[in-house]
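Welcome to this guided tour. Keep your viewer open and your selection tool ready, and we will go from stop to stop together.

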Amino acid sequence: MLGAAAVLGRAVPAAAAPPPAPIASGSHVPALIIGSGYGGSVAALRLAQAGIDVHIIEMGQAWDTPGSDGKIFANTKSPDVRSFWLRTKTKQPVSSFLGFPIDKDVPKYTGILDAEDFSGITVYQGRGVGGGSLVNGGMAVTPPRARFGGVLPSVDANEMYDTYYPRARAGLGVTDIDQSWWETADCYKYARVGRKHAQRSNFDHVFVSNVYDFDYMKAEQAGTVPKSALDAEVIYGNNAGKKSLQKTYLPAAKATNRVAISPLHKVTSVTPRAAGGYTISIEQLNTAGDVVATKTVSADRVFFAAGSVGTSKLLVKLKATGALPNLNNEVGKGWGDNGNVMCGRANHMWDPTGSVQSSIPTTGIDNWAAGGAFAEVAPLPTGIETYASLYLSITNTPNRAEFSYNASTGGVDLSWQKAWKQTSIDMAKTIFNKINSKEGTIYRTDLFGGTKQWQDGLTYHPLGGAVLNKATDNYGRLHGYSGLYVMDGSLIPGNTSVNPFVTITALAERNIENIITTGL
Ligand code: FAE
């Protein structure tokens, strides 16, 4: 396989100087990208390599400056002001421990993890330069090829598996754990317990790739480097080890000298200009979330890469308010939660899961074909022995919701219904009821508030809302306008059957190549 540097290498010589940042009101840019997650980063790099100057507008922070503790990112064991996007109280996915609520008050701040509430579901998303790559578990999973037709039916599977998945994996720096090390590492005792229980119930147990630097993790365990995965860092950022987009696509894009990024800038409107191209309205935020300036810029082309929720909200509002009336009626539709549900199991005292758990998951239980569930064996890195096994399941839920503009609030609503998660719970139970019955164990009831057995109120994997070949053509060009594109997870209709970011990256690689080669 090609190394990341070779894959990300430059096609044209670097420009003499990068475009100025932050963006100035009144300026004109050839290509404006909304959002710096996977779709946005891929688009920025490939456009720049094709010789086009790019400006990325990102509502979150740059995340390049240490706080008073000398660290850029907070720890999951002690969330602080940096952890949540404009909330006054944390909203942790595992919200209680031993039955006691663990959320706490925090000052309102443009923190890294957005727990965005819609009626019926909380959607967790990364905020900052690097998008979801800042907060995610790094699980870099390519869906089994047999399932791909169900994920993106209009896309040629051969070209994805021969060209774009390998390109995405190389660009993201995807690696596999040294399994002989994993077999003895204290920090993966929880995963070995997970495997034992899965295999005793005859489930397929699989290793999954990751973007974490496992050599760094070995050094963490040896005590020779500062700990990150082994010190419970993950959903509020990793201070080391994880190859987020800040370490892969984004520096490669910046090295072309054709890419500028404006953090703490939020796009609020895109409208066609009489002279051609688009006018973009932008709010500049301070770290309390207040608008400190409004800017108006123009661009020849606009790439929506604000994530499934961000892009869908913008497009639905722009269509409904008459800014982009020619968008078609598919905009806002086909949204799904990748079937996410979480549960914990209470192990026997002879099955400890370890007081030090790597926050980076490496394994899963695949019961997709028989039961519609793929469960990630997740850590619960509390620092003490909990005898708990935690799982995040991805399930084959058929439920799809729709975004709609709410004229009375000026916001965008999502039609998700909480009861829809029952289908996902039932699919996940095809794994965990069987394991519990085989092991003589029960579900934990102390992790998700009250006595809930299932965390059924969230997703980490929002997908859809501007579905490929429906709201856009088969390469992400929005119907109704030329020069407007969608590049992110909103193109994928609700489910990837595994963790989504490799598919989002590979699809973005495919689409931007077609957009560039067929003429911008
Ligand atoms: P995304 O990465 O969300 O980037 C969108 C960017 O746009 C963000 O930086 C926003 O701040 C920005 N933005 C939004 N609205 C605006 C606006 N109006 N103006 C300017 N900027 C804006 O989108 N996936 C995996 O495959 N493996 C995992 O292990 C995994 N773990 C996860 C753990 C957690 C806690 C979470 C929250 C997610 C996890 N995911 C995982 C999901 C993954 O991070 C997600 O699918 C991708 O990040 C989505 O990529 P996009 O490019 O669609």
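This is a predicted model: local features need pLDDT of at least 70, side-chain atom pairs count only at pLDDT 80 or more; totals for chains, interfaces and linings use all residues.

**Stop 1: a proline in a loop**

Select Pro493, which sits in the loop between β21 (484-486) and α12. Helices here are DSSP runs of H or I with at least four residues, strands are runs of E with at least two, and both are numbered from the N terminus. Is Pro493 buried, partly exposed or exposed? Pro493 is partly exposed, because its relative accessible area is 23%. Buried means under 20% relative accessible area, exposed means over 50%, and partly exposed is in between, with a 1.4 Å probe and protein chains only.

Residues are numbered from 1 along each chain as its sequence is written, and side-chain values use heavy atoms, leaving out hydrogens and water.

**Stop 2: the ligand**

Which residues come nearest? Of the 37 residues around the ligand, they are Glu58, Gly132, Met139, Gly489 and Phe501; a residue counts as near if one of its heavy atoms lies within 4 Å. By class, this shell has 16 nonpolar, 17 polar and 4 charged residues. Ala, Val, Leu, Ile, Met, Phe, Trp, Tyr, Cys and Pro count as nonpolar, Asp, Glu, Lys and Arg as charged, and the others, Gly among them, as polar.

- Phe501: a backbone N or O atom is 2.7 Å from a ligand oxygen.
- Val267: a backbone N or O atom is 3.0 Å from a ligand nitrogen.
- Arg127: a side-chain N or O atom is 3.2 Å from a ligand oxygen.

The protein covers 96% of the 1000 Å² of accessible area that the ligand has on its own, as given by the Shrake-Rupley method with a 1.4 Å probe. Color α2 (38-49), β6 (121-126), β9 (265-272), α9 (307-320) and α12 (501-517): these are the elements that give two or more residues to the shell.

**Stop 3: a hairpin**

Stay with Val267 and find its bridge partner in β10, Ile282. Strands β9 and β10 (residues 278-285) run antiparallel, joined by 7 bridges; two strands pair if DSSP finds at least two bridges between them. The hairpin has 5 residues between the strands, and Gly276 takes a positive phi near 100° there.

**Stop 4: a helix**

Select α6 (residues 189-200). Its 12 residues reach 17 Å from first C-alpha to last, close to the 16 Å expected at 1.5 Å a residue; the expected span is 1.5 Å times one less than the number of residues. Among the buried residues of α6 are Tyr190, Arg192 and His197. After α6 comes Asn202, with a positive phi near 65°.

**Stop 5**

Go to Ala232, in the loop between α7 (214-222) and α8 (249-254). Its phi is positive, near 65°, in a residue other than glycine. Ala232 counts as buried, because its relative accessibility is 3%.

Asn338, in the loop between α9 and β12 (341-346), has a positive phi near 55°. Asn338 is buried too, at 0% relative accessibility.

Finish at Ala21 and Pro22, joined by a cis peptide bond with omega about -5°. Pro22 lies in the loop between α1 (4-8) and β1 (28-34).

Conventions. A polar contact is a pair of N or O atoms within 3.5 Å; within protein, one must be able to donate a hydrogen and the other to accept it, and residues adjacent in sequence count only if both atoms are side-chain atoms.
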